[in-house]
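Start with the structure itself.

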Amino acid sequence: MRRKRALGTFYFLGFMCLQSPACFAQLADVRLRGDISIGVVKSDGIQSASVTPLGRFSTLGLQAMLPVGVRINVIQRVSGFKNDVDDDGFDEYSIEDQGSWKVGKQYLPFGGGTLLRETAIAARIDSSLIFEGLPLALALVDQGSGRQYGVSARVGSRGQGVSVAFGKHFGINGTSFAVVNRSSTGEHSGWGRMYGADWNRRFGRFNAKVEGVILRAPEANQNDEEWLDLSLGYDLGVNKRHSVLVGATTEIGTNLIFYRVQGVYTAQKGVQLEGLYRQNSNGFLDFSIFLRLRF
């Protein structure tokens with residue numbers, strides 16, 4: 001019911017816009033967007049998949065850019081995680097003025113996208129005025145009863161930043177902590193407070209990334225947690241078409257470490273072959289090969 005109400009509101013807005021001849025005339029730049037991953041994953045057995053082990057969905061959608069600078073996004077998932085609390089077939093449906101504001105279902109501004117990454121219905125503003133040129137992204141979130149509700153924000157550039165989230169039920173989607181093979185924690189769970197910091201730097205052909213997340217005010221069966229992820233990538237060739245990456249993720253205070261090795265081969269623009277191997281301190285987790293097509 002909650003999903004139907006949210007989609008109904010969005011479709012109503014879109015329908016009213018399209019009924020206006022002036023608005024319809026402005027929808028001149030409509031583009032089909034696709035990010036399709038097709039592959040196989042070996043864990044207990046071998047399975048075909050269209051969602052990568054790190055939580056990237058295969059998506060198809062439309063983007064309509066109005067001459068006034070407002071963009072409408074409707075992005076559909078080809079498939080999703082099993083038993084994911086975010087069971088919406090849409091990855092995103094939103095209206096935005098890029099770099100200024102965005103309303104609808106969207107990825108929340110928090111962290112660097114490795115540890116914690118999830119979508120929810122939100123109203124977001126982007127500004128650099130408050131901190132004298134330092135970018136600020138602030139989102140008011142309301143995904144409904146038992147799901148994400150509150151405020152999520154990140155201050156910083158793409159290279160480094162700090163993040164906070166206050167409210168209820170954050171961190172419950174299947175895309176959050178997919179790097180450590182964690183499934184969705186379900187409705188009425190998650191955390192009420194989250195703090196994060198991320199740093200990303202390139203040194204010639206090397207790219208180093210550090211991300212940490214602190215989870216507090218646990219709900220349901222969760223506990224206070226602290227996570228740290230480190231990764232180092234290397235470009236094979238001066239054109240950056242191919243790359244390898246090694247990474248490690250740990251829950252601070254435990255002896256469990258998750259390791260990953262990833263390789264990317266770019267055949268041509270928009271066509272890549274990706275391989276990923278993961279294991280933790282206890283042994284093998286999974287191995288996958290995916291063909292990624294973007295247009």
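The largest nonpolar core of this predicted model holds 20 residues. Val141, Phe177, Met194, Leu215 and Trp227 touch the most other members. Five strands each supply at least two residues of this core: E7 (119-131), E8 (134-142), E10 (160-170), E11 (191-203) and E12 (206-218).

Neighbours within four places in sequence are set aside here. Its contacts then include two other core residues named above, Phe177 and Leu215. Tryptophan 227 also touches Leu115, Val180, Arg182, Glu211, Gly212 and Val213. Thr249, Thr250, Glu251 and Phe258 complete the list.

**Strand pairing**

Strands E10 and E11 run antiparallel and are joined by eight bridges. Across this pair, phenylalanine 170 stands opposite tryptophan 191 of E11. E11 also runs antiparallel to E12, with 12 bridges between them. Asparagine 200 has lysine 209 in E12 as its bridge partner. E11 and E12 form a hairpin, with two residues between the strands. Glycine 204 sits in that turn and has a positive phi of about 65°.

**Aromatic pairs**

How many aromatic pairs are there? The count is seven. A pair of aromatic rings is described by the distance of the centres and the angle of the planes. Two of the pairs are set out below.

| Ring pair | Centre distance | Plane angle | Class |
|---|---|---|---|
| Phenylalanine 90 and tyrosine 93 | 5.9 Å | 90° | edge-to-face |
| Tryptophan 199 and phenylalanine 203 | 6.5 Å | 40° | tilted |

Why is the pair of phenylalanine 90 and tyrosine 93 edge-to-face? Its planes stand at 90°, and planes over 60 degrees apart count as edge-to-face. The planes of tryptophan 199 and phenylalanine 203 are at 40°, so that pair is tilted.

**Charges over rings**

Two arginines lie over phenylalanine rings. The charged end of arginine 77 is 4.0 Å from the ring centre of phenylalanine 57 and sits over that ring. Arginine 182 lies over the face of phenylalanine 177, 4.9 Å from the ring centre. Tryptophan 227 is in contact with both Phe177 and Arg182.

How values were computed. Residues are numbered from 1 along each chain as its sequence is written. This is a predicted model: local features need pLDDT of at least 70, side-chain atom pairs count only at pLDDT 80 or more; totals for chains, interfaces and linings use all residues. Side-chain values use heavy atoms; hydrogens and water are left out. Rings of Phe, Tyr and Trp (its six-membered ring) pair if their centres lie within 6.5 Å; planes under 30 degrees apart count as stacked, over 60 as edge-to-face and the rest as tilted. A charge sits over a ring if NZ of Lys or CZ of Arg is within 6 Å of the ring centre and within 35 degrees of the ring normal. A nonpolar core is a set of buried Ala, Val, Leu, Ile, Met, Phe, Trp, Tyr and Cys residues joined through side-chain atoms within 4.5 Å. Buried means under 20% relative accessible area, exposed over 50%, partly exposed in between (1.4 Å probe, protein chains only). Helices (H or I, at least four residues) and strands (E, at least two) are DSSP runs, numbered from the N terminus. Contact means heavy atoms within 4.5 Å. Two strands pair if DSSP finds at least two bridges between them.
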